[in-house]
Amino acid sequence: MEQLVAEDITFSSTVLSFGEDGAMVEIEGLPAFLPWSHWQLKPEARSPELLGTRLDVKFLDSAPKRSRIVVSHRRVVLAALRRRRLDRQAPVSYTHLTL
């Protein structure tokens, strides 16, 4: 599990339930906790229609002794923003310089 956290892989999860502190999702048969601070879903948007939907997440933390996995959707969003910003940066061209 620690290797999956270190490798920063994105997984598709299924939303199972909501709680006061976050949501429970399922990743390849394993339950995982998704804190609200790592989903940034407004309370009024936490509706039963989201149950069973797919959500991309990255591993945030794992405690194998406690059989606990914590995931983050925010890390997926930030990685996408970083990639988009890098894609927008124009490559440096030196053809206009006179030596």
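The model is predicted, so local features need pLDDT of at least 70 and side-chain atom pairs count only at pLDDT 80 or more, while totals for chains, interfaces and linings use all residues. Residues are numbered from 1 along each chain as its sequence is written, and side-chain values use heavy atoms, with hydrogens and water left out.

**Exercise 1.** Find how many salt bridges the structure holds, and trace which residues they join.

Solution. Begin with the criterion, a side-chain nitrogen of Lys or Arg within 4 Å of a carboxyl oxygen of Asp or Glu; the structure holds 2 such salt bridges. In one of them, Asp8 pairs with Lys58, with the closest N and O atoms 3.6 Å apart. This pair links distant parts of the chain, since Asp8 lies in the loop between helix H1 (2–7) and strand S1 (10–18) and Lys58 in strand S4 (residues 54–63), 50 residues apart. Next, Arg75 meets Asp8 at 2.3 Å, N to O, and here helix H2 is linked to the loop between H1 and S1 across 67 residues. Through shared partners, Asp8, Lys58 and Arg75 form one network.

**Exercise 2.** Decide whether Lys58 and Asp8 are buried, partly exposed or exposed.

Solution. Apply the cut-offs for relative accessible area: buried means under 20%, exposed over 50%, and partly exposed in between (1.4 Å probe, protein chains only). Lys58, at 5%, counts as buried, whereas Asp8, at 32%, is partly exposed.

Terms used
Helix = DSSP H or I, 4+ residues; strand = E, 2+ residues; numbered from the N terminus.
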